[in-house]
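I opened this model to look up its overall layout, its cores, its strand pairings and its ligand shell. My notes are in the order in which I looked.

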Amino acid sequence: MSGIVFFKSRKLAGLREFYQNKVGCEVWLQQEDCIIMRHGNFLFGFCQRDEADTGGIITFFFDHKDEVDQAYARHKEIAINKPSHSDKYRIYNFFARDPEGRIIEFQQFEHRVAHYLSGAELLLKRRSIREFTDEEVTDETIGQLLDNCRYAPTSMNSQSYYFKLIKDHRTIDWLSQTRGKSSSPIARGRLAVAICADPALSRRHVQDGCIAAYHFLLAAWSFGLGTCWIAAMDRDDVKEKLGIPVDHYVATVTPLGYPQDSFIKPPRKKDLSEFIVS
Ligand SMILES: Cc1cc2nc3c(=O)[nH]c(=O)nc-3n(C[C@H](O)[C@H](O)[C@H](O)COP(=O)(O)O)c2cc1C
């Protein structure tokens with residue numbers, strides 16, 4: 001489910017050029033006399049008419065203050081003010097005008113906001129997080145997150161995976177020490193989550209568990225929560241400590257918490273052509 005805000009315009013072609021080339025929006029749909037643009041998961045459209053709607057404000061928001069500064073550097077000549085902090089709204093922003101005089105705003109929220117990422121952004125921006133803030137992850141958020149994970153694919157819809165939440169600090173510390181530096185991020189989360197699968201429910205429980213774990217990583221990121229896949233946790237001592245039956249599979253034990261910095265530069269990734277073999 002989504003939605004679109006439409007504005008009347010007298011300069012459709014100019015607006016398309018501006019929002020596409022200057023603001024970095026994509027053309028989502030071109031109709032006969034209307035054009036719909038996309039910025040992240042924000043859809044907004046313009047329709048060619050005899051008069052233009054120029055009221056209101058079109059706001060584009062970014063994850064990081066630097067992105068607002070970069071937008072300002074690109075839009076200096078149309079900017080109304082320099083980027084600044086607003087104590088009232090707890091945002092960092094500046095205003096500019098589009099070619100029809102509409103006010104547009106570029107901003108970053110300086111506080112946590114509810115999840116909003118588009119599918120593509122979720123895939124591109126998820127990062128392994130190894131440093132977390134002290135902010136509590138509420139049971140309500142964890143509940144919503146796990147609810148979204150119920151739709152992970154499983155062999156023959158066996159739904160053989162399950163999640164074990166670990167909140168006890170001594171257990172978290174113990175887990176973080178099992179594999180030295182590799183497992184150390186576990187200690188830095190607000191809690192840890194073991195993602196497991198039951199062989200009694202599926203012959204493909206290892207695959208089910210791994211897919212569910214990655215589903216969890218992505219779902220967590222959509223809530224602004226960081227995770228880090230910690231490998232080789234399918235160990236007898238880990239299962240004994242967590243009360244997990246020894247024949248069950250532990251896909252990973254991940255820390256969970258709000259990232260200290262959610263704007264992490266991705267590590268080097270291969271070019272698309274290197275992932276495709278003919
Ligand atoms: C199978 C697997 C095992 C991993 N094991 C560890 C680990 O033991 N410790 C750790 O800190 N990160 C671990 N990672 C995270 C990777 O280091 C990380 O995904 C990779 O560097 C790419 O970074 P990104 O996830 O931010 O794109 C693992 C990831 C995968 C998929």
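The entries below go from the whole chain to single residues.

**Ground rules.** I am working with a predicted model, in which local features need pLDDT of at least 70, side-chain atom pairs count only at pLDDT 80 or more, and totals for chains, interfaces and linings use all residues. I number residues from 1 along each chain as its sequence is written.

**Whole chain.** I took the box along the principal axes, and the C-alpha atoms of the protein chain fill roughly 70 × 45 × 40 Å. I looked up the secondary structure and found 7 helices and 11 strands; helices (H or I, at least four residues) and strands (E, at least two) are DSSP runs, numbered from the N terminus. Of the 278 residues, 25% count as buried. For burial I use C-beta atoms placed from the backbone: a residue is buried if 20 or more others lie within 10 Å of its own, exposed if 12 or fewer, and partly exposed in between. Among contacts between residues at least 6 apart in sequence, 64% join residues at least 24 apart. A contact here is a pair of C-beta atoms, placed from the backbone, within 7 Å.

**Domains.** The chain is divided into domain 1 (5-109) and domain 2 (119-256), with bounds that come from an automatic or database domain assignment. I find their C-alpha centres 39 Å apart.

**Cores.** I define a nonpolar core as a set of buried Ala, Val, Leu, Ile, Met, Phe, Trp, Tyr and Cys residues joined through C-beta atoms within 7 Å. The largest one has 33 residues, and Ile195, Cys196, Phe216, Ala220 and Val253 have the most contacts inside it. The elements that give two or more residues to this core are α4 (139-148), β9 (161-166), β10 (191-197), α6 (205-222) and β11 (249-256). Helix α6 supplies the largest share, 7 residues. Another core lies apart from this one; it has 8 residues, among them Phe60, Tyr92, Ala96 and Ile104.

I then checked Ile195. Leaving aside neighbours within four places in sequence, Ile195 is in contact with Tyr161, Phe163, Gly209, Ala212, Ala213, Phe216, Ala251 and Thr252.

**Strand pairing, β1 to β4.** I count two strands as paired if DSSP finds at least two bridges between them. Strand β1 (residues 5-9) runs parallel to β4 (residues 42-48), with 5 bridges. Val5 has Phe44 as its bridge partner in β4. On β3 (residues 34-39), the pairing with β4 is antiparallel, over 6 bridges, and Cys34 is partnered with Cys47. Strands β3 and β4 form a hairpin with 2 residues between them, where Gly40 in the turn has a positive phi of about 60°.

Strand β6 (residues 84-86) pairs with β7 (residues 91-97) in the antiparallel sense over 3 bridges. His85 stands opposite Tyr92. This hairpin has 4 residues between its strands, and Arg90 in the turn has a positive phi of about 50°. Strand β7 is also joined to β8 (residues 103-109), antiparallel, by 7 bridges; Phe94 has Phe106 as its bridge partner there. In the β7 and β8 hairpin, 5 residues separate the strands and Gly101 takes a positive phi near 95°.

**Ligand shell.** Which residues surround the ligand? I list Arg127, Ser128, Arg130, Ser182, Pro185, Cys228, Trp229, Ile230, Ala231, Pro266 and Pro267. The criterion for near is a C-beta atom, placed from the backbone, within 6 Å of the molecule. By class, the shell has 7 nonpolar, 2 polar and 2 charged residues. For these classes, Ala, Val, Leu, Ile, Met, Phe, Trp, Tyr, Cys and Pro count as nonpolar, Asp, Glu, Lys and Arg as charged, and the others, Gly among them, as polar.

**Single residues.** Is Asp173 buried or exposed? Asp173 is exposed, because 11 other C-beta atoms lie within 10 Å. Asp173 is in helix α5 (residues 169-176), and its C-alpha atom is 9.0 Å from that of Arg188, 15 residues away along the chain.

Asp63 lies in the loop between β5 (57-62) and α2 (65-75). Asp63 counts as partly exposed because it has 16 C-beta neighbours inside 10 Å.

Gln159 lies in the loop between α4 and β9. With 18 C-beta neighbours inside 10 Å, Gln159 also counts as partly exposed.

Note on methods
Contact = placed C-beta atoms within 7 Å.
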